[in-house]
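The note below is arranged as numbered points.

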Amino acid sequence: MGRSSRSSSSRWRYINPAYYLKRPKRLALLFIVFVFGSLVVWDRQTLVREHEEELSKLNEEVTRLQNKLGEFKDDKSVTGQVNTSGKSNNANRKPNVSDDPIDIQRREKVKDAMIHAWSSYEKYAWGHDELQPQTKNGVDSFGGLGATLIDSLDTLYIMGLDEQFQRAREWVANSLDFNKNYDASVFETTIRVVGGLLSSYDLSGDKMFLEKAKDIADRLLPAWNTPSGIPYNIINLAHGNPHNPGWTGGDSILADSGTEQLEFIALSQRTGDPKYQQKVEDVILELNKTFPSDGLLPIYINPHRGTRSYSTITFGAMGDSFYEYLLKVWIQGNKTAAVKHYREMWETSMKGLLSLVRRTTPSNFTYLCEKIGNSLTDKMDELACFAPGMLALGSTGYGPDEAKKFLSLAEELAWTCYNFYQSTPTKLAGENYFFNSDQDITVGTSWNILRPETVESLFYLWRITGNKTYQEWGWNIFQAFEKNSRIETGYVGLKDVNTGVKDNMMQSFFLAETLKYLYLLFSPSSVISLDEWVFNTEAHPIKIITRHDQVEKSGVSGGQHNSETLSRARKEGRFSGN
Ligand code: DMJ
């Protein structure tokens with residue numbers, strides 16, 4: 001007993017600091033053991049991390065090689081991964097008649113980028129809205145609807161990433177739940193979720209996607225129940241209660257209210273239920289009642305009175321896609337009389353756009369001003385860089401002289417947008433630019449969040465002019481993303497395009513839009529042909545379905561007859577999914 005207590009007390013002395021203070025050699029020994037131990041642990045952790053990274057790279061490589069093998073087996077002479085027939089993924093690939101070897105190489109690189117972005121999302125943020133690559137976690141910036149997953153579906157499909165598409169499809173079928181007590185943005189949910197699901201349906205023919213699109217659209221629909229028909233911009237997905245954000249002073253935002261037409265018209269066409277189309281077309285009819293002679297609307301509209309509030313006019317944030325959809329609904333409607341008023345409104349707005357065009361000194365860069373009241377601001381958002389693409393796409397509907405004028409304006413604006421990228425040390429564009437006399441372009445807000453607008457325009461210009469310069473510009477932008485934004489665990493934006501300091505967010509539109517437009521920039525024009533498909537503002541291709549031209553023949557124009565036309569067409573069975 002006495003012995004054991006002595007021996008235990010002698011063991012305790014080893015944890016008494018005084019013991020070591022009297023014995024410096026033992027203290028030194030203890031320190032060396034501690035340092036050595038820490039090194040061993042640290043080294044093991046580094047090895048594990050390196051091993052994990054190596055493994056993830058190997059996995060990506062395996063997926064890439066598997067895909068290559070799949071393509072090779074399917075058809076040695078085809079280029080596109082896309083199936084535009086709406087049946088199975090590997091059917092109906094277009095022959096590789098005029099495919100350039102450099103294009104093939106480049107789109108493989110873009111596909112590798114998609115595999116890297118997607119694998120990172122799968123690994124660290126599966127089912128969440130977006131991946132934060134630096135901290136390796138998911139965040140639910142859109143209410144937990146799997147925004148990146150849904151936004152990526154059609155890109156995966158077009159690139160022929162079949163296994164990834166199937167895994168994502170299973171998640172949508174089994175885990176996607178819209179019954180969320182969450183105040184969702186009607187605009188963001190429509191362009192990403194409704195658009196992504198409809199596009200997946202059009203590409204794959206899988207009815208499950210259509211059912212899901214209908215489910216979420218039904219939850220959004222009460223937002224249009226306002227006295228003017230201009231929708232509220234926020235709605236709770238589980239409980240309804242539509243309203244506008246506090247910071248707009250009760251107003252609805254122009255882009256948020258006029259960028260649901262493509263998706264909801266497509267939904268009516270595919271379900272045979274006119275209610276979706278009716279709601280969104282009424283918005284345009286309401287705006288058309290008092291449409292100004294320059295076709296430019298301020299960003300705030302009162303949903304009760306349908307009137308415009310004193311606010312900025314812009315082709316950038318909060319205005320942009322309203323103008324885009326005027327043109328695209330006309331294209332979606334087969335340019336028939338039933339959609340003539342969309343084209344007319346768009347052409348009016350393009351007259352307004354011309355009034356905002358200015359040129360810099362000394363280099364003569366063309367840009368679009370913003371306007372409030374009668375005064376112009378020499379500022380342009382990168383977001384407005386969708387406009388060159390829109391002008392190129394719309395130019396084909398004009399007579400020869402006007403077409404030439406608008407195409408040439410599109411080319412000038414695209415050159416400016418490309419220089420938004422080229423003018424910074426990282427070769428990535430900032431969020432907006434100012435144009436001061438004798439200084440050409442100066443970056444304002446200097447972050448870059450992986451936005452797509454410039455490559456989107458380069459894609460349209462390449463398709464419409466066939467000028468390879470646009471491919472070169474797109475390739476340079478892609479390389480700048482690879483250099484500055486690619487990290488081991490995905491892609492991130494930059495907090496500052498001057499310093500290259502990175503942020504911690506992989507935006508879902510990087511996979512939906514930026515990488516898709518880049519991939520298509522290096523693909524033959526038969527892959528998602530612009531004659532058969534129209535892209536929504538989140539780059540989700542929607543199949544163009546023939547609108548009945550009976551309205552055209554009777555000389556009646558205007559959407560007020562569309563619901564009648566639609567239900568007649570439904571009875572005649574002309575609105576099937578594909
Ligand atoms: C996307 O969500 C859409 O392109 C939208 O129209 C504008 N903003 C982002 C991309 O920048």
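1. Overall make-up. The model is predicted. The chain contains 20 helices and 18 strands. Of its 578 residues, 57% are buried. The chain exposes about 24000 Å², and 53% of that comes from carbon and sulfur atoms. Among contacts between residues at least 6 apart in sequence, 68% join residues at least 24 apart.

2. Strand 4 (residues 234-236) is joined to strand 5 by two bridges in the antiparallel sense. Asn236 has Gly240, in strand 5, as its bridge partner. As background, strands of a sheet pair through backbone hydrogen bonds, in either a parallel or an antiparallel manner.

3. The ligand site. Which residues are around the ligand? They are Ile191, Arg192, Leu383, Arg451, Pro452, Glu453, Phe509, Glu513, Thr537 and Glu538. For Arg192, an N or O atom of the side chain is 3.5 Å from an oxygen atom of the ligand. Taken alone, the ligand exposes 290 Å², of which the protein buries 92%.

4. Helix 5. This helix (residues 147-158) is mostly covered, with 12 of its 12 residues buried. The buried residues include Asp151 and Asp154 as well as Leu149, Ile150 and Leu153. Gly160 follows helix 5 and has a positive phi, near 75°.

5. Thr416. This residue is located in helix 15 (residues 400-422). Thr416 counts as buried because its relative accessibility is 0%, under the 20% cut-off. A polar atom of the Thr416 side chain lies 2.5 Å from the backbone oxygen of Thr366. Leaving aside residues up to four places away in sequence, Thr416 touches Phe365 and Thr366.

6. A cis peptide bond. The bond from Thr361 to Pro362 is cis, with omega near 0°. Pro362 is placed in the loop between strand 8 (357-359) and strand 9 (366-368).

7. Positive phi at Asp440. Although Asp440 is not a glycine, its phi is positive, at about 50°. Asp440 is in the loop between strand 13 (432-434) and strand 14 (442-443). Is Asp440 buried or exposed? Asp440 counts as buried, because its relative accessibility is 11% and the cut-off is under 20%.

8. Positive phi at Ala539. Ala539 is a residue other than glycine with a positive phi, near 65°. The loop that holds Ala539 runs between strand 17 (533-535) and strand 18 (541-543). With 0% relative accessibility, Ala539 therefore counts as buried.

Terms used: Residues numbered from 1 in each chain as written. Predicted model: local features only at pLDDT ≥ 70, side-chain atom pairs only at ≥ 80, totals over all residues. Heavy atoms only, no water. Pairing = 2+ DSSP bridges. Helix = DSSP H or I, 4+ residues; strand = E, 2+ residues; numbered from the N terminus. Near = heavy atom within 4 Å. Polar contact = N/O pair within 3.5 Å; in protein donor to acceptor, adjacent residues only side chain to side chain. Areas by Shrake-Rupley, 256 points an atom, 1.4 Å probe, with all protein chains shown as cover. Buried < 20%, exposed > 50% of the residue type's maximum accessible area, 1.4 Å probe, protein only. Contact = heavy atoms within 4.5 Å.
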